[in-house]
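Visitor: I am new to reading protein models. Could we go through this one by question and answer?

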Amino acid sequence: MEKLNNHSTSLQLFSTIGVLILSVSYSIYTDSMGFGAFLCLIFFAGLFFLNRKYRDNRAPSQVFSLMFLIYGLLVLLSHIELIHDLGSDFYVHNDAADAFYPNIVNYVVGSSWSNLADNTILNPFFSNYPFAAYLFGAWIKIGEWFGITDVRLLLRCQSFVIGVIINTIVACALVNSGHNESSARHKTLILGIFTYLYINDVQ
């Protein structure tokens, strides 16, 4: 039991240090300290909640930390490699690249919070996905609070954070259904890394 606890602690420590280094890397790449601070805020808020909610089984917090590190690293590396023109390039699904992402940027960046609903939910252009547009628009506005100007990378980070949350919910469900820490962690990591969820969330 003591060996298992030591392994869990080491895994959590490794993930946390990795996320801190990753956040600094985002700040260096975007030349914005706010980007790293934003990611750290999301990470530590999630970690705090999970550690309080699941004191006796740390699988959810471990999955949250590991997937945050893995997804976040892949998003940054693919962005560095594939995004050459921040004014036009997107590394996402074709329909999103051609329509959704560029227009959500055009309608939301620089506008006020009071106009967010008009620019997203009530905007005829986003009539097929109004609430998705609002969610992405709100994410952009929050990013502006932190001084983030690389909106393309910011939007991709929203996708990977949603993926991390999905994986964490799965881990919580496994724990609630009686799986032990190791079983819940391993099954969720397999889902997050070796399924379509992984590919979709690093888009």
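This is a predicted model: local features need pLDDT of at least 70, side-chain atom pairs count only at pLDDT 80 or more; totals for chains, interfaces and linings use all residues.

Visitor: Which class of relative accessible area does Tyr 107 fall into?
Guide: The class between the two cut-offs, under 20% for buried and over 50% for exposed, is called partly exposed. Tyr 107 has a relative accessible area of 33%. Tyr 107 is therefore partly exposed.

Visitor: How many aromatic pairs are found in the whole structure?
Guide: Rings of Phe, Tyr and Trp count as a pair if their centres lie within 6.5 Å. A search of the whole structure with that rule gives a total of twelve.

Visitor: What kind of aromatic pair do Phe 38 and Phe 146 form?
Guide: The ring centres of Phe 38 and Phe 146 are 4.9 Å apart, with 40° between the planes. Planes under 30 degrees apart would count as stacked and over 60 as edge-to-face.

Visitor: Is Phe 38 buried or exposed?
Guide: The cut-off for buried is under 20% relative accessible area. Phe 38 has 4% relative accessibility, so Phe 38 counts as buried.

Visitor: Which element gives the most to the nonpolar patch?
Guide: Tyr 29, Leu 73, Leu 77 and Ile 80 make a nonpolar surface patch of about 340 Å². One of them, Leu 73, lies in helix α3 and is partly exposed at 38%. With three residues, the element that gives the most to the patch is α3.

Visitor: Is Asp 56 buried or exposed?
Guide: Asp 56 sits in the loop between α2 (33-53) and α3 (59-82). Exposed means over 50% relative accessible area. Asp 56 has 81% relative accessibility, so Asp 56 counts as exposed.

Visitor: What separates the C-alpha atoms of Asp 56 and Asn 180?
Guide: Along the chain, Asp 56 and Asn 180 are 124 residues apart. In the model, the separation of their C-alpha atoms is 9.9 Å.

Key. Residues are numbered from 1 along each chain as its sequence is written. Side-chain values use heavy atoms; hydrogens and water are left out. Helices (H or I, at least four residues) and strands (E, at least two) are DSSP runs, numbered from the N terminus. Buried means under 20% relative accessible area, exposed over 50%, partly exposed in between (1.4 Å probe, protein chains only). Patches are made of residues with over 30% relative accessible area and no salt bridge: like charges are joined within 9 Å, nonpolar side chains (Val, Leu, Ile, Met, Phe, Trp, Tyr) within 5 Å. Accessible areas come from the Shrake-Rupley method with a 1.4 Å probe; for residues, only the protein chains shown count as cover. A salt bridge is a side-chain nitrogen of Lys or Arg within 4 Å of a carboxyl oxygen of Asp or Glu. Rings of Phe, Tyr and Trp (its six-membered ring) pair if their centres lie within 6.5 Å; planes under 30 degrees apart count as stacked, over 60 as edge-to-face and the rest as tilted.
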